[in-house]
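Dear colleague,

I am handing over the structure below, and after it I set out what was found there. Please read the notes with the model open beside them.

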Amino acid sequence: MKKIKKTVQVGNVLIGGTNPIIIQSMTTTKTQDVQSTVKQILELEKSGCEIVRVAVPDMDAAKAIKEIKKEIHIPLVADIHFDYRLAIESVDNGIDKIRINPGNIGAKWKVKEIVDRINDKNIPIRIGVNSGSIEDYLIDKYKGPTPKAMVESALNHIKILEDLNYNQIVLSLKSSDVLKTIEAYKLIHSKSDYPLHLGVTEAGTLLGGTVKSALGIGNLLLSDIGDTIRVSLSADPVEEIRVAKMILQDLDLRLFGPKLIACPTCGRTNINIIEIANRVEKALESVKKPITVAVMGCVVNGPGEAKEADIGIAGGKGEALLFKKGKPIRKIEEENIVEELLKEIEKL
Ligand code: SF4
């Protein structure tokens, strides 16, 4: 049975408890470039991002939050390292959540200043432990940035906040290694009730990072671990949202739109299924219906899969057979397949 975590509110979005698993991303723009940052956030919103994070490396970035907040519609998170003044400035400018590790801020009074400021406003903190920035003494103790070292680091950061009676906490323990990420999250899950933000850090390019993220995040979600996810890719962040939605949808955790079944093609294929499948996938992004669409290359497995789907095609020679709710409807010429299929989907 799923271990229910505490609920934390970020702007108007709830993380944890029995709430849906929330999708997050991070901008790649310079935060102080308000125009570009807002433009990217609006694109992320449109693609389904529910919480967005910006880097706050200096005061200019912290000050830009005020202007950014006026233009966007989803909660904004400030990513801060070390300098407590950046956190204070971000809070004063209307930030909805802060990602900061209290153990890295220095003197306790600095942490207290932040906590005093955010306690009234109900602004949560994400403690983000990253295998690349574990404290030296823990690296020595555990002989490397191991999952146990990551968990001890997280527990130390938590204690600093709890000692100040603060508990609006979200946790992440990310490694670029999939297996270490999974182990670290499983360990902290057994020791803490704070909601978990899942991610494999620095996962890589669109293809490599998608595989790592699907394995790491997917494995944890299948173990009923995780309350919010961020797929981290060296790519346009909109791709992170697409991948995140696919992970959640394929695990039946959330429903965003159609599911696409497409055959890999083989020597029996006589139409350009790869191109058709890619065009259909792109077009389906704007469709919200919870349907299954099959794009199959031939009549061997084709009609079978296509019949299982709400709608589908099975390729022939220069044409395809359209199936709807299990019944053959008509033949379509190859060049009209995508358009005709989309028209039929519209009618469903
Ligand atoms: S559906 Fe037909 S064309 Fe596609 S992989 Fe299977 S046998 Fe080949």
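**Domains, sheet and cores**

The protein is divided into domain 1 (7-250) and domain 2 (259-347), with bounds that come from an automatic or database domain assignment. The centres of domain 1 and domain 2, taken over C-alpha atoms, are separated by 39 Å. Please keep in mind that this is a predicted model, in which local features need pLDDT of at least 70, side-chain atom pairs count only at pLDDT 80 or more, and totals for chains, interfaces and linings use all residues. Residues are numbered from 1 along each chain as its sequence is written.

I begin with the sheet. Helices (H or I, at least four residues) and strands (E, at least two) are DSSP runs, numbered from the N terminus, and two strands pair if DSSP finds at least two bridges between them. An open sheet of 5 strands runs in the order β11-β12-β13-β14-β15, with mixed pairing. Because β11 (259-262) and β15 (327-333) stand at the edges with a single partner strand each, one side of each is left without a neighbour in the sheet. From one strand to the next the twist averages 20 degrees, where axes are lines fitted to C-alpha atoms, for helices over the stretch in contact, and angles run from 0 to 180 degrees between N-to-C directions. The pairing of β11 with strand β12 (residues 292-296) is parallel and extends over 4 bridges, and Ala262 stands opposite Val295 in β12.

Helix α10 (residues 273-284) lies across β11, β12 and β13 (311-315), and runs at about 165 degrees to β12.

As to the interior, a nonpolar core is a set of buried Ala, Val, Leu, Ile, Met, Phe, Trp, Tyr and Cys residues joined through C-beta atoms within 7 Å. The largest such core has 71 residues, and those with the most contacts inside it are Ile98, Ala154, Leu171, Leu173 and Tyr185. Helix α6 (residues 147-162) gives the largest share of this core, 6 residues. Apart from it lies another core, of 21 residues, including Ile276, Ala277, Met296 and Ile337. Not counting residues up to four places away in sequence, Tyr185 touches Leu173, Leu196, Leu198, Leu220 and Ile225.

Finally, in helix α3 (residues 84-92) the buried residues are Tyr84, Leu86, Ala87, Glu89, Ser90 and Val91, and what covers them includes α2 (59-71), β5 (76-79), β6 (97-99) and α4 (108-121). After α3 comes Gly94, whose phi is positive, near 95 degrees. Lys63 lies in helix α2 and touches Glu89 and Asn93, again not counting residues up to four places away in sequence. With 17 other C-beta atoms within 10 Å, Lys63 is partly exposed.

With best regards

Conventions. Contact = placed C-beta atoms within 7 Å. Buried ≥ 20, exposed ≤ 12 C-beta atoms within 10 Å, placed from the backbone.
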